[in-house]
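Thanks for sending this one over. Here are my notes, point by point, to read with the structure open.

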Amino acid sequence: EKDKELIRGSWESLGKNKVPHGVVMFSRLFELDPALLSLFHYSPNCGSTQDCLSSPEFLEHVTKVMLVIDAAVSHLDDLHSLEDFLLNLGRKHESAGVSTQSFAVVGESLLYMLQCSLGQAYTAPLRQAWLNLYSVVVAAMSRGWAK
Ligand code: HEM
């Protein structure tokens, strides 16, 4: 319950500005693993990572990612209701060439974004609460990969 409060409280302000926060997250992601950029079929069309991150297609994906996080936050009490959706989302990412190992670096980028935007409010319990939520989402998405 404490976890849920921490997550809801921190997402309240963040969720109002999804795209800029998502851009911070994905800038970090491509900094940590530049190869992920090439999984977006439109990436050859842009010169630099920064150009890519400001292209409409990227901003659209960033928006989609933030909406999935938003859905997870609003379904904290019944996360299992998102299971089918997340399994399908995993399948689509497998087809896109994403590997489940990349989720670790996505998680790091999510925490980085939270730390940047929350400042002092980014505490150890808050970090752990988000890690717990993220691991539920990752576990559900990972079921979409053929083994
Ligand atoms: C779609 C790549 C992480 C949510 C896609 C597509 C690609 C992609 C190539 C299809 C083209 C497009 O819609 O732009 C990646 C990569 C990721 C990543 C490389 C990181 C390694 C995530 C995460 C989420 C997410 C963490 C949410 C938790 C979505 C959604 C779609 C999508 C909702 C649209 C699926 C549909 O068409 O129904 N992603 N993605 N992605 N991604 Fe990701």
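Predicted model: local features only at pLDDT ≥ 70, side-chain atom pairs only at ≥ 80, totals over all residues.

1. The pLDDT averages 94 over the protein, and 97% of the residues score at least 70. Among the elements, α7 has the highest mean pLDDT, 98, while helix α3 (residues 49-53) has the lowest, 82.

2. Start with helix α1 (residues 2-14) against helix α7 (residues 124-142): the angle is about 95° and the axes lie 9 Å apart. The two helices are therefore roughly perpendicular to each other. On the α1 side the contact uses D3, L6, I7, S10 and W11, and these meet P125, L126, A129, W130, N132 and L133 in α7. By class, that contact has 8 nonpolar, 2 polar and 1 charged residues.

3. α7 also packs on α4. Here the axes come within 11 Å and cross at roughly 110°, so α4 and α7 are roughly perpendicular as well. I69, A72 and V73 of α4 meet W130, L133 and V137 of α7. This contact has 6 nonpolar residues, with no polar and no charged ones. Note that W130 and L133 turn up in the contact with α1 and again in the contact with α4.

4. What about α4 and α2: at what angle do they pack? It is about 105°, with the axes 9 Å apart, and the pair is therefore roughly perpendicular. From α2 the contact takes K18, V19, H21, G22, V23, M25, F26 and F30; from α4 it takes F58, L59, H61, V62, T63, V65, M66, L67 and D70. The residues of this contact divide into 11 nonpolar, 4 polar and 2 charged.

5. Now look at the largest pocket, with a volume of about 830 Å³. It is lined by 32 residues, and those closest to its centre are F26, H61, V65, H93 and M141.

6. The largest share, 8 residues, comes from α4. By class the lining has 24 nonpolar, 4 polar and 4 charged residues.

Key: Residues numbered from 1 in each chain as written. Heavy atoms only, no water. Axes fitted to C-alpha atoms, helices over the stretch in contact; angles between N-to-C directions. Helix = DSSP H or I, 4+ residues; strand = E, 2+ residues; numbered from the N terminus. Parallel < 35°, antiparallel > 145°, perpendicular 65-115°, else oblique. Contact = heavy atoms within 4.5 Å. Nonpolar A, V, L, I, M, F, W, Y, C, P; charged D, E, K, R; others polar. 1 Å grid on protein atoms, 1.4 Å probe; cavity = no way out; pocket = protein on both sides within 12 Å on 5 of 7 lines; lining within 4 Å. Points joined across faces, edges and corners; volume = space filled by probe spheres on them. pLDDT = per-residue confidence, 0-100.
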